[in-house]
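Subject: The structure we talked about

Hi,

Here is the structure I promised to pass on to you. Have a look at it first, and then read on for what I found.

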Amino acid sequence: MKLLRKNGLRATALGALAVSGALVLTACGSDDNSGGSGSGSASAGTGASASAAGSADCGKGSGNLLASGSTAQQNAMDQWVKNFTQSCSGIQINYKGIGSGAGVQQFLQGQTAFAGSDSALKPEQIAQSKKMCTGGQAIDLPMVGGPISVVYNVPGVDNLTLDAKTMAQIFNSKITKWNDPAIAKLNPGAKLPSTAIQPFHRSDDSGTTDNFTKYLIAAAGSDWPYSGGQTWQAKGGQSAQGSANVTAQVKQTTGAIGYTELSYANASKLSTVALDTGAAQPVKISSDAASKAIADAKVVGTNGDLALKINYTTKADGAWPITLVTNEIVCDKGNKQATLDATKSFLTYIASADAQKQITSLGYAPLPENIASQVRTAIKSLS
Amino acid sequence: MDMTQTADAPPPSPPQPSAKPETEVRERPALRAGDRLFLGLSGGSGILLLVLMAAIAGFLSYRAVNAISQDHGNFFTTFEWNTDTTPPVFGIAVLAFGTIVSSIIAMAVAVPVSIGIALFITHYAHRRIASPLAYVVDLLAAVPSIVYGLWGALFLVPHMNGLDLWLDRYFGWTYVFDQSTPGSAARSLFTVSILLAIMIVPIITNVSREVFRQVPRAHQEAALALGATRWEVVRLSVLPFARSGIISASMLGLGRALGETMAVATVLSSSSVLSLHLLDPEGGTFAQNIASHFGEATNFGRDALIAGGLVLFVITLIVNGAARLIIARRKEYSGANA
């Protein structure tokens with residue numbers, strides 16, 4: 001009996017030891033993320049040869065590039081990284097789509113070489129970046145254009161045209177039936193049912209929401225009485241988590257309308273709204289149409305920052321103004337020496353006309369030449 | 001007694017045979033070292049737990065205070081959650097309501113069902129049915145919550161529409177079951193509650209089953225000897241004995257329901273509307289709110305989310321504390337001491 005009890009005691013003690021050991025281990029495990037960043041170039045060596053089969057210029061860059069941020073440009077990045085590392089095997093690039101906010105955060109903490117972000121840097125973020133970019137500051141480089149489509153599910157209606165005001169009233173639950181006179185006026189001849197409109201929006205914070213509501217604010221005026229931002233503010237309608245879920249909900253709900261990136265609309269074969277912008281013809285969404293709108297954008301960043309302001313009220317023929325431009329964020333001066341060369345050659349590659357054209361099939365809009373050339377010049381002067 | 005005295009007393013009494021006391025003396029310190037080690041380990045683990053709790057609470061409070069101090073709404077009564085805007089306006093009213101209501105409904109559905117399953121397994125079913133059934137329940141507990149979420153969004157939601165319409169038609173007068181727009185998708189707090197109930201049934205069932213197995217055979221046989229039917233045995237001997245165990249089991253389930261994140265975020269059509277119409281696609285919960293906003297949150301937005309997390313932490317503490325009080329008070333009557 002005594003023996004038994006002693007063994008039991010010992011087993012318990014071992015158990016306790018194991019548990020506390022595990023706890024200690026977990027405690028230590030928390031800070032391993034920073035290890036691989038920045039100066040990880042030593043191990044990769046000088047494998048970056050001049051083999052350059054593709055169009056990418058690998059330069060002297062080598063090593064491990066860490067980047068993170070916007071999920072909106074994840075697919076474009078994946079494509080580019082695949083192509084780029086084929087010709088420049090000495091550079092490994094790891095882009096994590098963790099959200100723009102978190103990406104900028106990691107960049108400002110010096111954990112990544114560049115960040116992808118749906119929105120331009122805020123003044124306080126630029127101020128904060130001066131600590132990290134010695135002698136310089138963080139700048140926005142517009143890189144990936146993302147057309148945002150308005151998708152709907154109304155059986156029997158194949159072509160639907162809306163203007164900004166009607167769209168604002170639909171998403172603000174002011175227009176509630178598909179056969180509302182305002183919609184009928186824009187669609188003469190269409191057989192509009194009396195079904196209730198079920199507007200869908202994103203439940204999570206997102207750059208898509210931000211840009212869609214920016215358009216409504218600029219183009220719909222008093223019909224969209226909200227201040228905008230990444231959080232959806234209007235009342236009414238239903239929400240869903242992420243673009244995929246919004247698309248799925250619109251697909252399975254009769255009378256639904258929602259906004260989502262063009263790639264999701266294409267993949268799910270949903271009908272998209274044509275936009276009456278005031279141009280001669282209602283504008284149909286496409287990568288080209290979005291590029292035309294980006295060409296009409298103004299650079300509003302200062303001191304080398306190329307942050308764009310889309311002209312949401314553009315009346316240019318065939319320009320689709322509901323377009324998101326996601327930026328890459330780097331230091332203009334004071335980038336980490338270890339990753340500078342690799343960063344420059346990768347950014348130069350993705351800003352090239354060739355690379356920009358490759359992402360069109362993924363539902364993105366290539367940068368128009370007037371913007372792209374400014375971006376390339378800015379990349380050249382990075383130090 | 002003699003032995004201990006000789007062991008404790010120093011050398012002075014010489015004539016004793018040397019071998020015996022020596023072994024005694026040698027054995028004692030060995031035991032004491034083990035005792036001390038064990039005391040250190042178990043005590044250390046206990047203290048580590050307290051330190052962890054204090055660290056979590058401290059971290060949450062520190063970040064939360066920063067956010068709340070800049071909140072231009074009332075943190076407890078504001079409905080919307082806008083941390084991006086200047087000035088930021090956010091509050092937890094909708095989240096607290098959604099979290100508590102969905103958990104209460106989930107408990108109301110899950111606890112009776114779980115007790116039923118556990119009783120069936122331990123007292124009614126033939127062994128050949130009971131052990132596979134217990135195994136299946138265990139399996140349910142191991143399904144990841146995102147899988148429940150996908151199942152909820154793709155299967156449960158479309159199939160809840162009929163029930164919603166029925167509730168709306170016959171129980172619409174209760175206000176709670178009135179749908180503002182009859183036929184809108186069942187992506188509501190009510191559907192979330194049902195999903196949560198399904199998720200916590202396995203936990204509550206497992207623990208209650210173990211408790212029911214502990215009921216002394218003698219109690220049940222005594223009841224049978226007095227002429228009790230099987231239901232009366234359950235009512236008179238099993239349930240009273242297991243009461244505090246059932247409460248503990250329910251608290252474990254409630255903990256999961258309160259903190260469930262992905263399943264809720266996938267199913268619920270969240271909004272900043274505090275709606276007592278439980279069938280409307282409105283509302284939100286703390287955990288869902290964090291999941292929805294964390295990815296794109298700025299530093300300040302994170303602090304605000306952490307403030308929300310702190311409130312959930314406090315609610316969980318209060319609920320657990322209340323449960324402990326109930327168990328402590330009921331212990332004397334439970335028959336557990338008999």
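Before anything else, a word on terms: helices and strands here are DSSP runs, a helix having at least four residues and a strand at least two. Please also keep in mind that this is a predicted model.

Let's start with chain B. Residues 89-121 of chain B are 88% helix and 6% strand, with 51 Å between the end C-alpha atoms.

B:D164 sits in helix α5, which covers residues 145-171. Is B:D164 buried or exposed? A residue is called buried if 20 or more other C-beta atoms lie within 10 Å of its own. B:D164 has 23 such neighbours, so it counts as buried. Leaving aside residues up to four places away in sequence, B:D164 touches B:Q179, B:A186 and B:L279. The C-alpha atom of B:F190, which is 26 residues away along the chain, is 9.1 Å from that of B:D164.

Now to where the two chains meet. In chain B, 28 residues are in contact with 28 residues of chain A. Elements giving two or more residues to this side of chain B are α2, β1, α9, α10 and α11. Which of them gives the largest share? It is α2(B), with 7 residues. Sorted by class, this side of chain B has 9 nonpolar, 16 polar and 3 charged residues.

Finally, chain A. An unreviewed UniProt entry places "domain: PBP" at residues 60-353. That span is 35% helix and 23% strand, and its end C-alpha atoms lie 22 Å apart.

The buried residues of α13(A) are A:I371, A:V375, A:A378 and A:I379. Seen down the helix axis, they fall within an arc of 100°, so they line one face of α13(A). These buried residues pack against β4, α10 and α11 of chain A. On the other side of α13(A), A:E369, A:N370, A:T377 and A:K380 are exposed.

Enjoy exploring!

Best wishes

Notes. Residues are numbered from 1 along each chain as its sequence is written. Chains are lettered from A and ligands numbered from 1 in the order in which they are written. This is a predicted model: local features need pLDDT of at least 70, side-chain atom pairs count only at pLDDT 80 or more; totals for chains, interfaces and linings use all residues. A residue is buried if 20 or more other C-beta atoms lie within 10 Å of its own, exposed if 12 or fewer, and partly exposed in between; C-beta atoms are placed from the backbone. The arc is that of the directions from the helix axis to the C-beta atoms. Two residues are in contact if their C-beta atoms, placed from the backbone, lie within 7 Å. Ala, Val, Leu, Ile, Met, Phe, Trp, Tyr, Cys and Pro count as nonpolar, Asp, Glu, Lys and Arg as charged, and the others, Gly among them, as polar. UniProt positions are given in the numbering used here, feature names are shortened, and annotations may be inferred rather than shown by experiment.
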